[in-house]
Amino acid sequence: RLKGKGTVWPLIRANPPIFLSVIGRLNNVMKRYLELFAFPQVIRLGVSAFPARLAYSMIGLGIFFKAEQETGSVAVAGFAIGLNSLAGSLTAGIRGSVMDRFGQKWPIRILVPMYASLIILLNTMESRQSILVTAFVLGITAPPINLSVRPLWKDIVPDSYLRTAYAFDSSMMSTTSVIGPVVITALSLSSRPGFGLGTIATLMLIGGIALSLTPASRDWIPEKKQKGQQRLWKDRAIQLLMFEGCFIGFGWGVFDVAVPAFATQEGVQHRVAWIFAAFGAATVVGGLLGGLVSKKLAPLSALRRAYLLWLLACIPIAFTYPDWSMALIGACIGFLGGAVQVFYFEVLEAVRPKGSQTASLGWIWSVEGSFMAVGAAVGGVVSETFSPRIGLAMLPIMIFIGLIILSIGRARLGAANDVPTEEKDLQAIKDISDESK
């Protein structure tokens, strides 16, 4: 030990440049995010939305356990989740359009207590029909938490920090996807399963109220549309992103079912939790590191490069088994997927029509979420009739098609090829400093 054996010191002493380079990069990571957190309202916005986002990460399994415990049918439980997801997806665009017209204050203040009340009502239901109907209505009234937060970053940070802000935002969402399922499973399978849905309702109320009281959300003013501006779904860039979303949504829907189906068939259901946990944790890290990519790289270029790496990482998933191999490949997929999400938000912000800050993403999510529901249904049939490996193989195929769509249609996304100048960054910093006083 005195000679350094059994420690990392010999490696450090043998490779001082590499060690110093790693330390330097970690220091740059910390510095960039500390600079982001120094802007007024950044931490408050992220923390205030966290409880509501955690509630969303729990609601799917909360509905599942409630339906299964009351009816004794896994099929009914799965159908209840499907109805809830489909209703939420189909109406996401409508909620986004409403906020782009009337602002965030009243939609959030109306939908949050309504949603929480419906969750409490669902907790009292016992029959199959009442549970299914309530789950569907619950999806329709889902408060637009994520849709509300995304456009606020542009108002509270300069353009040079927007990529880092989107990374922080994406990582907050990914963190809840890791924590939420664990919490709701533990509560729903406890001696008092009603605490599960009750906790979700409480979290939604806390997060929704906290978000609506933040200055960024309360004072947010929707952009004014230009005279004679065409409708959102007629915009060529949005059409392209919606088309790409059809395949990505379908691929994720199949993947989300194929993984637990494979594990169930092999009798290792307990591994599903840590496989998805590895995926979620890597998504958090990938999102955070994606936010540190130099702004000298245009959003569209960054997205296409990350997309290609994402595709390559997905190819081996069809050859894995529900063990360390699937967890490892899943972590790689999540890591690169986290970065892709950051650049995707940037591209969307650059190409969306004026006056569609929330509706643009809302309608894309409507399309993507609807195809995700279709993919989940197809994934179940394929996994049961043929093999879960075929379902897993569909993910890289769908991502490949998505990459082809973005490559062929990159001219429609030309606005995302612009790189902000230093003058624009300095002016943005000055503007935000003035507004925050």
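The structure holds six salt bridges, a salt bridge being a side-chain nitrogen of Lys or Arg within 4 Å of a carboxyl oxygen of Asp or Glu. The model is predicted, with local features requiring pLDDT of at least 70 and side-chain atom pairs counted only at pLDDT 80 or more, whereas totals for chains, interfaces and linings use all residues. Residues are numbered from 1 along each chain as its sequence is written, and side-chain values use heavy atoms, with hydrogens and water left out.

One of the salt bridges joins the side chains of lysine 66 and glutamate 70, at 2.9 Å from N to O. Both residues belong to helix H3, where they are four residues apart, about one turn of the helix; helices are DSSP runs (H or I, at least four residues), numbered from the N terminus. Lysine 66 is buried at 8% relative accessibility, while glutamate 70 is partly exposed at 35%. Buried here denotes under 20% relative accessible area, exposed over 50%, and partly exposed the range in between (1.4 Å probe, protein chains only). Accessible areas come from the Shrake-Rupley method with a 1.4 Å probe, and for residues only the protein chains shown count as cover.

A further salt bridge, 3.1 Å from N to O, is formed by the side chains of lysine 154 and glutamate 349. Lysine 154 lies in helix H7 (residues 145–156) and glutamate 349 in helix H14 (residues 324–351), so this pair ties together parts that are 195 residues apart in sequence. Lysine 154 is partly exposed, with 35% relative accessibility, and glutamate 349 is buried, with 9%. The side chain of glutamate 349 also meets that of arginine 352 in a salt bridge of 2.9 Å, N to O. Arginine 352 is buried, as is glutamate 349. Through shared partners, salt bridges join Arg150, Lys154, Glu349 and Arg352 into one network.

Aspartate 235 is buried but has no salt bridge, and arginine 412, the nearest side chain of opposite charge, is 7.9 Å away. Aspartate 235 is located in the loop between H10 and H11. A polar atom of its side chain lies 3.1 Å from the backbone nitrogen of alanine 237. Lysine 234 is placed in the loop between helix H10 (215–218) and helix H11 (236–265). Together with Arg101, Lys225 and Arg231, Lys234 forms a positive surface patch. Lys and Arg count as positive and Asp and Glu as negative, with His and the chain ends not counted; the place of a charge is NZ of Lys, CZ of Arg, CG of Asp or CD of Glu.

Patches consist of residues with over 30% relative accessible area and no salt bridge, like charges being joined within 9 Å and nonpolar side chains (Val, Leu, Ile, Met, Phe, Trp, Tyr) within 5 Å. A nonpolar surface patch of about 520 Å² is made by Leu308, Leu309, Leu312, Ile315 and Phe319. Of these residues, isoleucine 315 sits in the loop between helix H13 (299–314) and H14 and is partly exposed, with a relative accessible area of 41%.

Glutamine 41 has a positive phi of about 80° although it is not a glycine. Glutamine 41 occurs in the loop between helix H2 (16–37) and helix H3 (42–71) and is partly exposed at 27% relative accessibility.

Alanine 92, in helix H4 (residues 74–102), is buried at 5% relative accessibility. The C-alpha atoms of alanine 92 and threonine 141 are separated by 9.6 Å, with the two residues 49 residues apart along the chain.

Note on methods. Helices (H or I, at least four residues) and strands (E, at least two) are DSSP runs, numbered from the N terminus. A polar contact is a pair of N or O atoms within 3.5 Å; within protein, one must be able to donate a hydrogen and the other to accept it, and residues adjacent in sequence count only if both atoms are side-chain atoms.
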